[in-house]
Amino acid sequence: MPASPADLHRDLDALYDTLIATVPGATPRAGQREMLLAIGDALAEAAFEPEAPTRVAVIEAGTGVGKTRAYLAAAITLARRAGVKVVVSTSTVALQEQVIGKDLPELGDALEVAPTVALLKGRGRYLCPVKLEQACTGEQVGLADLAPPGDETAEPEPMTTLPIERWQVLRQRWDTGQWDGERDSLGPDDLVQWHAIAADRMSCTSRQCPKFHHCPYFDAKRAAAKADVLVANHDLVLASLRSDASSLPSGDRAIFVFDEGHHLAETALAHFACEATLSDRRWLQRLEKALVHAAQLLRYPGGFDGCGSPLSQALDELMRAVMAEAGWGAVSELQDQAPVGRGPQAPARVRFEHGLLPAALVGPWQAVRDCAQRLHDKATEFSAFLKAERAADDTLGPLIALQVAEIGPPFKRLADVLETAQLTLSEPDDGEPPVAKWLDFSLGGAHLRVTARACPLLASSVLRRHLWPAMRAVVVTSATLKALGRFDHFLRETGLSGKPLVLTREVSSPFDHATQGKLVVVPTRASPKAAQEHTAEVARLVLQDWKQVQRGALVLCSSWVQLNAIVAAAPAHVREQLRVQGEGPRDWLLREHRAAVARGERSILVGLQSFGEGLDLPGELCEWVFVPKLPFASPDDPVAEARAEWLQAQGRSPFVESVVPATAVRLAQWLGRGIRSETDHATLVCYDSRLSGTAFGRHMLAGLPPFTKVERRDGVETPIVLPTERV
């Protein structure tokens with residue numbers, strides 16, 4: 001441990017100099033060194049003093065700073081002196097692969113002892129060898145036609161209709177070491193019904209499983225236990241907070257780095273949201289069947305005959321109440337997903353204003369919750385019995401593992417119903433916002449699917465309750481943490497606002513944005529709020545501007561309707577040059593784009609939000625970025641609607657407080673695709689008059705990097721005058 005802050009600075013400076021000297025082609029960057037030292041200053045006390053309060057370094061590092069190298073060097077140095085691990089959490093596979101394959105090996109070459117590294121994924125991305133064994137022998141009869149979560153309207157596809165040979169080939173590849181047991185190592189053909197062999201917590205007997213010592217998930221956990229640096233993702237970190245068997249170290253035994261930190265709030269909301277399909281009962285029938293079968297085989301003194309009936313009846317009553325409340329027709333034989341009649345005003349979605357359930361639904365939901373809880377408790381008691389039996393008789397291990405693998409998937413559905421009922425019936429504490437609650441209705445053929453959903457309204461409350469108290473020393477970084485020039489929005493969204501010992505720092509990009517990039521705002525005659533007219537006009541304008549593209553370009557649309565309209569307007573010779581999202585996997589489209597540009601041809605990528613960040617297309621690969629419309633979030637998002645409703649009830653403006661900052665961050669990400677290195681030059685074009693013609697738009701412009709910013713009318717470009725004060 002360094003004796004003083006000065007010693008720590010000296011050590012970090014020396015490591016940085018060694019890193020620059022060791023990595024081929026590396027050049028010193030003032031911002032990179034600044035970020036390295038800032039992390040050391042912010043986290044040293046928390047890293048070295050176990051009783052020190054949580055410290056968080058929030059650092060926006062502009063494109064080109066080299067933030068990954070900076071935070072890895074600082075975090076590993078601090079962690080080694082403190083005797084703890086480093087956990088790097090990202091939101092994209094691409095960044096995980098970059099950290100594992102490039103940044104950590106480079107840093108290892110600069111250190112006297114290279115760190116050991118492990119990549120961690122969610123359990124569902126690993127094979128369950130027991131399930132694979134069942135699939136190979138056709139023993140998954142009890143759950144063969146159970147559709148994967150979120151696909152209850154799919155027609156049953158029995159396991160027996162899939163060639164057992166397919167599973168046997170996979171098993172041979174796994175047994176011989178030709179396959180590592182990870183989902184990401186399989187091709188599309190092998191991913192058919194992956195859910196049938198994927199590992200999941202509910203189906204796992206852990207150390208009691210006969211495959212425990214030859215299981216890809218537990219192999220990954222064992223590697224993680226020995227590693228100095230773990231590379232994970234935001235969802236896995238949040239899941240670890242709710243698990244007693246986490247593969248991640250506790251927050252007081254590691255320095256955590258959240259890269260792509262601008263996704264942290266939305267990931268937290270998605271992780272703590274709940275949903276359950278009310279119209280499908282197949283999983284409940286299979287759960288009862290699996291429990292009865294296992295209890296008989298293992299001579300369990302408690303019985304399960306008819307155990308699902310009370311919950312099934314409660315769900316029937318809830319469905320009837322829901323149908324009446326929403327205006328849908330009567331339903332008969334609900335368990336068979338019978339055809340339904342739709343009333344003239346029956347909606348596709350019903351959101352409960354202010355999180356308040358209608359009185360007619362409270363009783364049915366309470367009955368579902370109580371019945372689900374009793375069945376859940378009964379199945380949990382059986383799980384304890386199975387563990388005791390396995391401990392008493394090792395020979396029962398294979399039999400118990402098979403039974404748990406059968407019970408697990410439908411038991412997960414039971415847990416979903418219980419959690420959804422609990423959150424739907426919840427009421428906010430004083431001062432806290434309500435939960436967003438809604439029902440979605442959809443017709444699949446003649447069958448109605450009804451899904452109940454509930455989601456916390458603010459990520460800040462979730463993160464304040466679950467994440468930050470469990471942490472010790474944290475770095476949160478991204479190229480876009482500020483909105484409208486301030487950190488306020490990010491701190492408020494993530495629950496860090498007002499917390500002590502939170503450092504915020506902006507490390508500027510080394511790029512000369514004014515020289516390298518020009519942002520052109522092209523006002524349209526049609527208002528952007530008149531979607532059809534605006535899209536038609538933008539399609540014409542984009543086609544004209546595409547004539548200036550020599551090599552690579554990127555078009556980022558705000559909706560599928562807009563994307564399809566722009567693509568449809570392209571003449572045949574231009575259409576051949578478009579690589580359009582949805583016409584193939586993203587990686588394939590990018591390979592085709594790079595190959596075309598390398599041949600000296602023009603290639604234009606056209607996509608939505610998933611193309612708006614995480615793409616690294618330097619040089620000729622992206623000389624133009626076209627944004628037809630400001631990337632506002634979908635106005636019919638039920639969580640956003642509920643949040644706006646709550647803010648308005650408090651006399652606050654959801655547009656100013658939430659919508660504008662979130663859009664500003666998204667726009668910065670989109671435009672950031674244009675300049676990826678010191679030698680790039682790009683023209684960025686936005687066809688939304690609000691960007692230059694409204695106060696909020698000009699504040700968005702002011703918060704962007706210092707591109708040369710002009711407005712183009714009738715072919716004439718004039719500089720845009722930006723506000724000097726922040727909103």
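How many aromatic pairs does the count come to? The count comes to 14 aromatic pairs, where rings of Phe, Tyr and Trp (its six-membered ring) pair if their centres lie within 6.5 Å. This is a predicted model, in which local features need pLDDT of at least 70 and side-chain atom pairs count only at pLDDT 80 or more, while totals for chains, interfaces and linings use all residues. Residues are numbered from 1 along each chain as its sequence is written, and side-chain values use heavy atoms, with hydrogens and water left out.

**Aromatic rings**
- The ring centres of Trp-179 and Trp-194 are 6.4 Å apart with planes at 75°, so the pair is edge-to-face (planes over 60 degrees apart; under 30 is stacked, the rest tilted).
- Trp-179 and Trp-194 both lie in the loop between α6 and α7, 15 residues apart.
- Trp-179 is buried at 3% relative accessibility, and Trp-194 is buried at 6% (buried is under 20% relative accessible area, exposed over 50%, partly exposed in between; 1.4 Å probe, protein chains only).
- One aromatic cluster consists of Tyr-126, Phe-212, Tyr-217 and Phe-218.

**Charges over rings**
- Arg-222 sits over the face of Phe-212, 4.9 Å from the ring centre (CZ of Arg or NZ of Lys within 6 Å of the centre and within 35 degrees of the ring normal).
- Arg-586 lies over the face of Phe-611 at 5.9 Å from the ring centre.

**Pro-631**
- Pro-631, in the loop between β16 (624-627) and α21 (638-649), is buried with a relative accessible area of 2%.
- Beyond neighbours within four places in sequence, Pro-631 contacts Thr-663, Arg-666, Leu-667 and Trp-670 (heavy atoms within 4.5 Å).

Notes
Helix = DSSP H or I, 4+ residues; strand = E, 2+ residues; numbered from the N terminus.
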